[in-house]
Amino acid sequence: MATLVSDNLDEVERSISDTAPCHYILMIQSFSLLSKNGIEKYESGEFQAGGYKWKLVLYPNGNRSRNVKEHLSLYLVFVDVSSLFRHGLEVHADFRFFLLDQSKDNYMVVHDAKEKSRRFHRLKHQWGFDQLIPIRSFNDVSNGYLLDDTCVFGAEVFITKETSSGEQNACQKIQLYPKGRRHGSGTHISLYLALEDPVTLTAGSKMFVEFTLRVLDQMQSRHIAGKVSHWFSESSPESGWAKFVSLPYFHHTGAGCLVKDICMVEAEVIVHAVASIL
């Protein structure tokens, strides 16, 4: 069983998926040269997910600083660390790693069994798995992970919550209405961003937010997105779209919005100002 980097170790699940990761794919050719050249740590290029930049860090012989032996170690790293310090930013994210079985053309997916979000902040901007996979299993040709000295990794990152020093008392949540707003239009899915607890804003206070909501295309990354700005307050605690996407399109197998009865919604939220009555 793989071990999740945490003070309290959680259970980790491995599953098989025919669907490629929607955010990032990393192909490493001449993989054996990493060990031959004494490269202990391999860093990927940067990629974007959820409005932030990330990268993968791979230890082909295990992360020795954590006393890992006989396993590959893989981590997700928040790239713009300066913003974590500058804005007091905290980003909560669910993430999954992928490893391609090139023989069967499917992926082994490694993720937290409890689907627990991980908090990236100025003191902790890297999370991942010390023991992603045993080196012996990885090198075994019959498993298809390393063929012709080439391997393919992947990652998906979904933001579940964002806070900064100026918004810690006014968190947002996403509200999705499968049959339309409130009583249901019957033809469209409604999607809104709402204050999780409007009363946390003092009387007369307002918060100016710019946000983007996306229903993710899990097959071809042709996401459906809407962007808007709104003054949130106790009397106006939500904003969004009554007709975000039509039900026929949402349920169409080629649209990628609903795969194995699972849909994924992503939000990017920027708080520009908080105004209060003196």
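Select F138 and F153: both are buried (under 20% relative accessible area, with exposed over 50% and partly exposed in between, using a 1.4 Å probe and protein chains only). The model is predicted, so local features need pLDDT of at least 70 and side-chain atom pairs count only at pLDDT 80 or more, while totals for chains, interfaces and linings use all residues. Residues are numbered from 1 along each chain as its sequence is written, and side-chain values use heavy atoms, with hydrogens and water left out.

The structure holds 15 aromatic pairs; rings of Phe, Tyr and Trp (its six-membered ring) pair if their centres lie within 6.5 Å, and planes under 30 degrees apart count as stacked, over 60 as edge-to-face and the rest as tilted. F138 and F153 are stacked, because their ring centres are 6.2 Å apart and their planes at 15°. F138 is in helix α3 (residues 135-139) and F153 in strand β11 (residues 151-163), 15 residues apart. Helices (H or I, at least four residues) and strands (E, at least two) are DSSP runs, numbered from the N terminus.

Next, select F211 and W241. With centres 6.0 Å apart and planes at 75°, this pair is edge-to-face. It ties strand β14 (residues 206-215), which holds F211, to strand β16 (residues 238-246), which holds W241, across 30 residues of sequence. F211 is buried at 1% relative accessible area, whereas W241 is partly exposed at 21%.

Then select Y52, W54, F78 and F120, which form one aromatic cluster.

Finish at W127. The charged end of R118 sits over its ring, 5.1 Å from the centre (CZ of Arg or NZ of Lys within 6 Å of the ring centre and within 35 degrees of the ring normal). K124 also lies over the face of W127, 4.7 Å from the ring centre.
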